[in-house]
Amino acid sequence: MGRAPQIVELLQQWGGVTIAYRRRLIDSPSYTLNHEEVEKALEEGIRFAEGLTPVAVEVDSHGHACALEVSQHHNDGDGVWHEFGRATLPARTILVAAGTQPNTVLAREEAQHFHLDGKYFRLLDEDGQPVTPVKGLAKPSKPAVVTELRADGRAMSFFGDLHPSFHGNVVKAMASATQGYPIVSRLLDKVAPASDATDAEFLAHLDDELRATLVRVERLTPTIVEVVVRAPAAARRFRPGQFYRLQNFESLSRAVDGTRLAMEGLALTGAWVDPQEGLVSTIVLEMGGSSDLCSMLKPGWMPKACWTLSSGTPWCSRATGFPTTSSHGARSSSRCRRTGAATCTGRRWPRSSRDPPTSPGSPITRMRRPTPRR
Ligand SMILES: Cc1cc2nc3c(=O)[nH]c(=O)nc-3n(C[C@H](O)[C@H](O)[C@H](O)COP(=O)(O)OP(=O)(O)OC[C@H]3O[C@@H](n4cnc5c(N)ncnc54)[C@H](O)[C@@H]3O)c2cc1C
């Protein structure tokens with residue numbers, strides 16, 4: 001009573017917190033980019049141990065972490081870290097800071113359109129000339145955010161974590177937008193609009209093409225519903241193997257006794273599409289939580305983040321764990337034989353005791369063309 005709390009001392013008695021870092025404190029991004037964070041951490045009694053690389057986590061008789069084995073390294077000033085010993089740090093909780101990498105997967109998928117400079121996209125100025133980026137400094141003397149500039153004047157830009165000057169935190173990501181938008185505006189001014197539609201018409205067109213709207217939910221069996229969504233662009237671009245993400249908006253979901261019936265995102269494989277009508281069908285096995293809520297969805301409802309697509313069958317197959325070979329009773333054709341509608345080549349649900357029968361007469365194997373409901 002009446003004593004000032006001795007929180008740091010208490011935490012130290014419990015073992016405290018040690019950051020094991022493979023290099024020196026002054027080499028760390030936290031120090032070079034945001035040294036105030038380091039200062040505040042040291043004020044709170046957090047220790048910083050340099051030149052340590054994790055080797056193994058030791059566990060006690062209960063299988064719980066009790067220590068971290070590290071290799072010790074020193075640097076002679078030649079830039080090379082040499083191991084000179086091993087040490088064991090007692091630890092009850094071990095957190096691994098894994099770091100992040102810029103997501104440049106587009107350069108692998110579209111190599112003709114994207115070019116890399118090291119682990120980042122290459123950087124060009126507004127005239128398409130290569131620029132050497134200022135790494136890690138969010139205030140380059142002359143900002144550059146373009147990575148591709150085509151002969152017709154159209155360009156691609158990149159910002160935030162993707163950019164060698166602006167990666168690392170939200171403030172720098174915002175700084176990249178502040179510094180980069182004038183460049184984008186100037187480039188846009190040089191290119192004639194592709195359409196003479198007004199802004200309102202153009203946005204209405206985008207809304208119609210890209211916004212998904214629920215058309216109907218139809219019960220196929222006591223445990224399976226079909227969810228049909230109007231999503232014209234997604235329907236036109238459907239390729240066998242793609243799957244979708246279906247989720248409701250929490251704020252628009254039904255409330256029962258003060259609890260919102262919000263769904264988690266459901267990964268659903270496309271069952272059929274009707275490109276003319278812009279319809280996409282998915283089959284939902286009611287297996288709990290989110291899938292059970294699908295039958296409550298109402299026509300006109302707009303799914304959240306819906307129709308995010310995978311890019312191809314093999315990836316889809318791995319990502320979902322759904323086999324896509326015909327050995328599992330899959331349709332090998334990408335078209336429904338009865339209707340001609342595009343279908344997924346893979347199975348549309350995992351096999352389980354709740355799987356529906358897959359005989360030809362089953363409502364699931366019957367591919368039906370959508371009938372407009374008015
Ligand atoms: C665990 C963790 C903790 C962090 N904590 C902090 C913190 O406390 N403070 C801080 O300032 N920063 C923090 N950061 C860093 C911060 O989150 C990022 O620096 C910042 O979000 C970068 O913004 P961005 O707009 O560049 O990228 P993002 O916020 O990553 O946005 C990129 C978006 O593009 C989408 N996308 C990617 N590829 C495609 C594609 N091909 N097509 C369509 N969409 C695509 C992604 O889905 C994503 O929505 C943290 C990061 C992590 C991972």
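A: A residue counts as near a molecule if its C-beta atom, placed from the backbone, lies within 6 Å of it. The model is predicted. Around the ligand, the residues are Thr 100, Asn 103, Leu 106, Phe 159, Gly 160, Asp 161, Gly 168, Asn 169, Val 170, Val 171 and Ala 173.

Q: What is the make-up of the shell around the ligand by class?
A: Five residues are nonpolar, five are polar and one is charged. Gly is counted as polar. Asp is counted as charged.

Q: Which helix gives the largest share of the shell around the ligand?
A: Helix 5, residues 170-189, with three residues.

Q: What does Glu 264 touch, not counting residues up to four places away in sequence?
A: Its contacts are Gln 247, Gly 289 and Ser 290. A contact needs C-beta atoms within 7 Å. Asn 248 lies 16 residues from Glu 264 along the chain, and their C-alpha atoms are 7.9 Å apart.

Q: Why does Asp 257 count as exposed?
A: Asp 257 has 4 C-beta neighbours inside 10 Å, so it counts as exposed. The limit is 12 or fewer. Asp 257 belongs to the loop between strand 13 (255-256) and strand 14. Its phi is positive, about 50°, although Asp 257 is not a glycine.

Q: What makes strand 11 mostly covered?
A: Buried means 20 or more other C-beta atoms within 10 Å. In strand 11, residues 224-230, seven of seven residues are buried.

Q: How do you know that both faces of strand 11 are covered?
A: In a regular strand the side chains alternate between the two faces of the sheet. On one side of strand 11 are Ile 224, Glu 226, Val 228 and Arg 230. On the other are Val 225, Val 227 and Val 229. Each of these residues is buried, so both faces are covered.

Q: What makes helix 3 hardly covered?
A: Among the nine residues of helix 3 (35-43), the count of buried residues is zero. Just after helix 3, Gly 45 has a positive phi of about 90°.

Q: How do you know that strand 10 and strand 11 pair?
A: Pairing needs at least two bridges. Strand 10 (residues 213-221) and strand 11 have seven, in the antiparallel sense. A hairpin of two residues connects strand 10 to strand 11.

Q: Which residue of strand 16 stands opposite Val 228?
A: Ser 281. Strand 11 and strand 16 (residues 279-285) also pair in the antiparallel sense over seven bridges.

Q: What is called the largest nonpolar core here?
A: A core is a set of buried nonpolar residues joined through C-beta atoms within 7 Å. The largest one has 29 residues. Those with the most contacts inside it are Val 227, Val 229, Ala 235, Val 280 and Val 284. Strand 10, strand 11, helix 7 (232-236), strand 12 (243-246), strand 15 and strand 16 each supply at least two residues of this core. A second, separate core of twelve residues includes Tyr 120, Leu 123, Ala 144 and Val 146.

Q: What does Val 227 touch, not counting residues up to four places away in sequence?
A: Val 217, Leu 246, Thr 282, Val 284, Cys 294 and Leu 297.

Q: What makes the sheet of strands 3-4-5 open?
A: The order is 3-4-5, with antiparallel pairing. Strand 3 (52-59) and strand 5 (81-90) each have a single partner strand, so one side of each is left without a neighbour in the sheet. Neighbouring strands are turned by 20° against each other on average, direction ignored.

Q: How do you know that strand 3 and strand 4 pair?
A: Strand 3 and strand 4 (residues 65-75) share seven bridges in the antiparallel sense; at least two are needed. Glu 58 stands opposite Ala 67, and Ala 56 has Glu 69 as its bridge partner. Their hairpin has five residues between the strands, and there Gly 63 takes a positive phi near 80°.

Technical notes: Residues numbered from 1 in each chain as written. Predicted model: local features only at pLDDT ≥ 70, side-chain atom pairs only at ≥ 80, totals over all residues. Helix = DSSP H or I, 4+ residues; strand = E, 2+ residues; numbered from the N terminus. Contact = placed C-beta atoms within 7 Å. Axes fitted to C-alpha atoms, helices over the stretch in contact; angles between N-to-C directions.
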